[in-house]
Amino acid sequence: MADFLASVGDVFALVRQPLGVGLCIAGALLCLIGSVGVIRFPDFYTRLHAASITDTAGASVLLVGMAFVSPTGWVVLKLVFIWLFLFMTGPTSSHAVANAAYLAGLAPKTGRRGDLTDDEGGWS
Amino acid sequence: MSDPVAIEIAVFNVILLAMLFVVGAAVARLRSLFAIVMLTGAYSLLSAMWFVTLDAVDVAFTEAAVGAGVSTVLMLGAMLLTSRTAKADRRWARIGPLAVVLVTGSVLIYATTDMPAFGDPFSPANSYVGADYLVMTAADIDIPNIVTAVLSSYRGFDTLGETGVVFMAGIAVALLLGFGERSLSANRARGETAPVRTETKADKSDHHVVLRVVSRILIPVIGIYALYVHFHGELSAGGGFQAGVIISVAVVLYSLVFGIAAALDAVPVAFARGLAAFGVILYAGVGFYALTQGYNFLDYDAILSHGADAAGHHGDTNTHGQHIGIILIELGVLFAVAGSITTIYYAFAGRAPEIRDEDW
Amino acid sequence: MDFILERYNYWAIIGLMMIGLYITFQSGNLIKRLTGLSIFQTSVFLFYITLGKVTGGSAPILFGRDLKPHGGEAPTDVVAGAGAAHDAAGDVAGAVYGPVNGLYETYSNPLPHVLILTAIVVGVATLALGLSLIVRIREAYGTIEADEVAAIDLDTAIAEAADREQTEAAA
Amino acid sequence: MNLLVVAVVALVVSLTLLLVRTLMGPTLYDRVLALNAFGTKTVLILALIGFLVGRPDFLDIAILYALINFVSTIAILKFFRYRSFQVGLSRKVRSGGEPGRGEG
């Protein structure tokens, strides 16, 4: 058992850096995809969807990746705090913005895809 | 520049400067004051990142605390009391300023030919006193964060002046706009019906349970984090200025979510302005204490003398006096900044908005 | 090429400064004018920090081998190095950056950081002061456009002068 | 380790896209949304730069932004919804009652 644990530790030490960097890149790409969505989607609500979901998911993946490459436990603890706070504040502010927009009477665009080509940022 | 990371950081630096430039140009063109405030927020985020790439971690910390919380809220508060859009400017009126700006800019750019190269360790700015601080801090003060050491010990007198300026600005704002009490009592006197709103269908979803719950969790955390920033300021980035701003951000958040009356119950105006005054007095008091002990103003060795010899040379490595002094004056800065900025916020938020509908 | 690489930071900062100056001069709206002023201010901050950057340096917080164990004796070579740097400040002062004179790592210049750190907080306090002045102007004049304020001032002055003439004529 | 640069580049690109949305944003809410996402990206970039230069001290700044970046969002929400910083965010609309007194 001890041998097994030791070998697991060895494997972990081996894959730690590549795995962490890979997760970082994956998270960053997720964020990038979300930002593309923010540019390309046709109206506020779809943009909100793109921004908030990829924000939370991408940030989580990135922070896990950073935790893998971090040198000390303190850094991991700080990353956990960042994740916790982002996880609380990000959806909250998305909710606040969506609520404000909805109450202000901003209507979502509905209809078929062909109808959505009117103004800026449409599907084009 | 041979280091690949250094090159990447340099490229990042250029990109950030370009983005700052774009944001600045957009601010110049826009007329909606609200969009301008939003862009100022983006500007602050960008400049915080830029500060980090140029190693100014403490500066980035301060910019983060100020830009993310305080300055946006203050500008919005001022806009509530004034107007929301700028008047369209006349096109010909742009020519004069543009000419002045172009001439000034070209003169300044001409002057850069004499400037030291970027990152030159031998430039005049980097040569004398800054380099000395780097080398001497370990022996003199014995704390890792050299910025804190310079801020509160080597240049303590300078910082006292800055703290005084923050305090005076807070008092001046309060004198101009009131402490927030007057308009509140006016609101109360106006009766319980002050904000008459017609209920609409949308009001059914006008609940903010999520915001309230999350804020209730986060506000204490922000306060604790401010204390961490304060007391950890000698070991890593942070210090009294940042912590003071963060504490006032917590008050601002509380007031935004639970209403200014609740915030005034929790942190009364008198407490905030008393705290500001007490901070400045504490700071100056440490200096005068040193004077009474026969040392120079703000020489913290007075607090716990470590036996200067006849020539006044402090050869001993006992730096506890410095440590205690730094903690005391950083506390003074914390109180002064937190109290002043909270007072400023109350002054803006407490004044009854009388914005006209055509300005809205 | 080197010339450009060594100075592009200054140019970008001058560009920002000019944007701030332009907004301050051109805009009649007082809040926008204050925003321009704060952009100008920020560009000065950026300029200071640029001056303090040392190539290959990192944040001026001692780390790694430069940290002496807590409560321990100061390494004698550090103290000696401090003295040497102090004495040699005249000609080769820049050489104290980098692994000479007792420090193992290279750090950027901490002094501009200190100046700017305090200036940012002072900046937001003075911004608030300016905003409160604008609020009072809005309450007194009903507008925050500089030209309208000036027009109202002019009207008031003319009316007062007319009043004075009238009373003098009556006397 | 240096592959982290790829992540930074991706984040900078997304930062640029969000900046474009902040500048264009047909409605003000688009601007708010983009600025909000901008703040999250800033947190991540600040943390990554710390790892890139080998000084994870910088994580403190990222924590700070993660904590207080939504304050301005709430301020903006109140600015639009209530036109005042005085009232609290209540659970339901109070037809009467003292303005600004939230319960709890």
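Leu298(B) sits in the loop between α13 (269-292) and α14 of chain B; helices here are DSSP runs of H or I with at least four residues, and strands are runs of E with at least two, numbered from the N terminus. Its phi is near 65°, a positive value in a residue other than glycine. Most residues other than glycine have a negative phi. Asp55(B) has a positive phi too, about 70°, and is not a glycine either. Look for Asp55(B) in the loop between α2 (33-53) and α3 of chain B.

Before going on, a word on the model: it is predicted, local features need pLDDT of at least 70, side-chain atom pairs count only at pLDDT 80 or more, and totals for chains, interfaces and linings use all residues. Residues are numbered from 1 along each chain as its sequence is written, chains are lettered from A and ligands numbered from 1 in the order in which they are written, and side-chain values use heavy atoms, with hydrogens and water left out.

Here is how covered some individual residues are. Buried means under 20% relative accessible area, exposed means over 50%, and partly exposed lies in between (1.4 Å probe, protein chains only).

| Residue | Relative accessible area | Class |
|---|---|---|
| Leu298(B) | 6% | buried |
| Asp55(B) | 7% | buried |
| Ser70(A) | 2% | buried |
| Gly37(A) | 9% | buried |

Staying with chain B, helix α7 (residues 146-154) is largely enclosed by the rest of the structure, because 8 of its 9 residues are buried. Among them are Ile146(B), Val150(B) and Leu151(B). The cover over the buried residues of α7(B) includes α8 (156-177) and α14 (320-350) of chain B, together with α5 (110-141) of chain C.

That brings us to chains B and C. Between them, they bury about 9,000 Å², with 73% of it on carbon and sulfur atoms; buried area is the accessible area (1.4 Å probe) that two parts lose on being put together, summed over both. On the chain C side, Tyr22(C), Leu117(C) and Arg138(C) lose the most area to chain B, together 7% of what that side buries. The contact (heavy atoms within 4.5 Å) takes 93 residues from chain C and 112 from chain B.

Now for chains A and D. Chain D has 3 helices and 0 strands, and 74% of its 104 residues are buried. How do helix α2 (residues 44-69) of chain A and helix α2 (residues 28-52) of chain D pack? Their angle is about 10°, and their axes are 10 Å apart. That makes the two helices, α2(A) and α2(D), roughly parallel. Angles under 35 degrees count as roughly parallel, over 145 as roughly antiparallel, 65 to 115 as roughly perpendicular and the rest as oblique. Residues making this contact include Phe44(A), Leu48(A) and Leu62(A) from α2(A), plus Tyr29(D), Leu33(D) and Phe51(D) from α2(D).

Ser70(A) lies in the loop between α2 and α3 (73-103) of chain A. Not counting residues up to four places away in sequence, Ser70(A) touches Arg16(A), Val75(A), Val76(A), Leu79(A) and Phe51(D). Gly37(A) belongs to helix α1 (residues 2-40) of chain A. Leaving aside neighbours within four places in sequence, Gly37(A) is in contact with Arg47(A) and Ala50(A). The C-alpha atoms of Gly37(A) and Arg16(A), 21 residues apart along the chain, are separated by 31 Å.

Conventions: Axes fitted to C-alpha atoms, helices over the stretch in contact; angles between N-to-C directions.
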